[in-house]
Amino acid sequence: MPSTRSIEVLATAPDLFHAAAEEFVRAARTAIGAQGRFTVALSGGSTPKALYSLLATNYADFVWNRIFLFFGDERPVPPTDPDSNYRMVKESLLTKIQIPAENVFRVHAENPDAAAAAADYEAELRRFFELRPGDRPGEFPRFDLILLGMGPDGHTASLFPDSPALEEQSRLVVANWVAKFNTHRITFTLPVLNRAAEVMFLASGADKADMVRQVLEGKNTPPLPSQRVQPSDGKLLWMLDEAAAAKLTR
Ligand code: 6PG
């Protein structure tokens, strides 16, 4: 079990994103106070866009020069593609804040060789977190915060049910074959997610309610990918709006 698991339910989606922005800033201030920097992995998909926009509007003059942004997963497309998680973050946050370009680490997912793109991003993480390159399995980066979403099938980042990356125990980043999309997705592995100081899941809307209940209260064999995110020495925070939490027994 993670050191702590908490579930926060906010009345509406705007309330949810305000609370998530405050939690982001609280975690950033704590990390910067303790170690002079804040390392965070951003999630993709549609849900976090409102959070990124809020951070850009309400915290435009925050200490972005002390914040280092990574991506928990990426689609196999160029950074200009509408499907690109990087593009979504760029449009909703990066273009509106003063963050040094060298503080933003995007996945070079335009590389047609997905395995090479994953290996490059892993090398970038090892360099940044000063991990010895690949020769000591079991050494994983410790992000201060990892943001995650959850898909209707219980996937998170690009760790989909029954996909090969779920069993990865030594790599940090892999090209995961996702049969239903007939493509690879570049994604952090579970050991990286579970090494974080804090993991924040964001889920909003009634269409997530069934899976939220299954993940937070269900016994699934095998466990769903979102259920396998259990930081070994960190905080697990589920932030939900009422609609997404509607089927939880409370
Ligand atoms: C991605 C995400 C993915 C996402 C879920 C939820 O690249 O798509 O990392 O894991 O968080 O699919 O997506 P929505 O927020 O769009 O529902």
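Predicted model: local features only at pLDDT ≥ 70, side-chain atom pairs only at ≥ 80, totals over all residues.
Residues are numbered from 1 along each chain as its sequence is written, and side-chain values use heavy atoms, without hydrogens and water. Local features need pLDDT of at least 70, side-chain atom pairs count only at pLDDT 80 or more, and totals for chains, interfaces and linings use all residues.

Me: How many residues of the shell around the ligand are charged?
Reply: Asp, Glu, Lys and Arg count as charged. Two shell residues are nonpolar and nine are polar. The charged ones number four.

Me: Which side chain has an N or O atom 2.5 Å from an oxygen atom of the ligand?
Reply: A polar atom of Arg75 lies 2.6 Å from a ligand oxygen. For His155, the distance from a side-chain N or O atom to a ligand oxygen is 2.7 Å. The 2.5 Å distance belongs to Thr47.

Me: What share of the ligand's exposed area does the protein bury?
Reply: Accessible areas come from the Shrake-Rupley method with a 1.4 Å probe. Taken alone, the ligand exposes 420 Å². The protein buries 88% of that.

Me: In what order do the three strands form the open sheet?
Reply: Strands are DSSP runs of E, at least two residues, numbered from the N terminus. Two strands pair if DSSP finds at least two bridges between them. The antiparallel order is E4-E7-E6.

Me: Which residue in E7 is the bridge partner of Asp73?
Reply: Two bridges join E4 to E7 (residues 183–188). These strands run antiparallel. The partner of Asp73 is Thr187.

Key: Polar contact = N/O pair within 3.5 Å; in protein donor to acceptor, adjacent residues only side chain to side chain. Helix = DSSP H or I, 4+ residues; strand = E, 2+ residues; numbered from the N terminus.
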